[in-house]
Amino acid sequence: MKWVAAPVVLAAALALAGCSPEQQRGFLPAGSEGATNHTDGITGLWVTSWIVLLVVGIVTWGLIIWATIAYRRRKGQTGLPVQLRYNMPIETFFTIVPVILVLGFFAFTAQEQSKIEARYEAPENTVEVFGKRWAWDFNYVNEDVYFQGVQVQTNDDGSAQEDTMPVLYLPVDKTTEIKLETRDVIHSFWVVEFLYKKDMIPGQTNYMSFTPTKTGTFMGKCAELCGEYHSMMLFEVRVVEQDEYDAYIASLREAGNVGQVTNELNPNQEHFFGDEAKAQNE
């Protein structure tokens, strides 16, 4: 076995030494490093899980290969090799180790999830996002202005036309809460580089709380199949400095986008909210 183990260890060391930064991050989207206060924790959980699973895979395949070689039929032998049954140490090992691994994965995942799902008591910035087939509306709650998007149009080559792309502006290093609503069917708010997404469910309000920690433009999309033009339900998130954010808010106010977009255009409103919604419409 030592002649087998040595080359394996050497090959593994060389492979790890030659890994690119992308490979070392588990092939997660480029640009997600430090994008929010949560992304590094998510990355750590993802990469550590894969390392543990790779070690388990190497041990498992190593034992399979070792048993195949060590207990193979030799020249001149006939019949089956010696059969081993009821080996308590091995059975105990193969029971306890998987339980420990499952409990460990669960504990670290639950710990990271609790951090991500925790809401800020007093977020510095609050945005209400409405998903609609097949675009997005953004209410900047603190500033009492809004943006209404349209479905992204495409060029002849199938790429998105930049001037039709809905854009959500966020100030960097500000605690932010996203209030998620849908105006029709189930959508899912996904900022790819933020490494997190959350469903938008009719009749239910969901929340995402995070702090953008890096300026830049990040790709967003609906991650729930929502109809014919689901693939065009795109948007961008631009994390900018405070002065640029203030200038954008001022441009919305100058364009007359004062107030908040409401849920009154929801075609399912009567279905989900009944007589109360019907009375308001009347």
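Buried means under 20% relative accessible area, exposed means over 50%, and partly exposed is in between, with a 1.4 Å probe and protein chains only. Keep that scale at hand for the tour.

This is a predicted model, in which local features need pLDDT of at least 70 and side-chain atom pairs count only at pLDDT 80 or more, while totals for chains, interfaces and linings use all residues. Residues are numbered from 1 along each chain as its sequence is written, and side-chain values use heavy atoms, with hydrogens and water left out.

**Stop 1: Ser 209**

Select Ser 209, which sits in strand E8 (residues 206-210). Is Ser 209 buried or exposed? Its relative accessible area is 5%, so Ser 209 is buried. Now show what surrounds this serine. Leaving aside neighbours within four places in sequence, Ser 209 is in contact (heavy atoms within 4.5 Å) with His 38, Ile 116, Ala 118, Arg 119, Tyr 120, Thr 176 and Glu 177.

**Stop 2: the whole chain**

Zoom out and switch to cartoon view. The protein chain has six helices and 10 strands; these are DSSP runs numbered from the N terminus, helices being H or I with at least four residues and strands E with at least two. Of its 282 residues, 33% count as buried. Among contacts with a separation of 6 or more, 68% are between residues 24 or more positions apart.

**Stop 3: a five-stranded sheet**

Next, colour the open sheet of five strands, whose order is E4-E10-E9-E6-E7 with mixed pairing. Strands E4 (167-171) and E7 (196-200) are at the edges; each has a single partner strand, so one side of each is left without a neighbour in the sheet. On average, neighbouring strands here are turned by 25° against each other, direction ignored.

Inside that order, pick out E9 (residues 216-222) and E10 (residues 234-240), which pair in the antiparallel sense over six bridges. Two strands count as paired if DSSP finds at least two bridges between them.

Axes are lines fitted to C-alpha atoms, for helices over the stretch in contact, and angles run from 0 to 180 degrees between N-to-C directions.

**Stop 4**

How many disulfides does the structure hold? The count is zero, a disulfide being a pair of cysteine sulfur atoms within 2.5 Å. Select Cys 222: its nearest cysteine sulfur, that of Cys 226, is 4.0 Å away. Cys 222 counts as buried at 4% relative accessibility, and Cys 226 is buried too, with a relative accessible area of 6%.

**Stop 5**

Most residues other than glycine have a negative phi, and most peptide bonds are trans. Here are some places to check against that.

- Arg 133 and Trp 134 are joined by a cis peptide bond, with omega about 0°. Trp 134 lies in the loop between E1 (125-132) and E2 (135-140).
- Asp 144 has a positive phi of about 55° although it is not a glycine. Look for Asp 144 in the loop between E2 and E3 (145-148), where it is partly exposed at 36% relative accessible area.
- Leu 195 has a positive phi near 60°. This leucine lies in the loop between E6 (187-191) and E7, and at 15% relative accessibility Leu 195 counts as buried.
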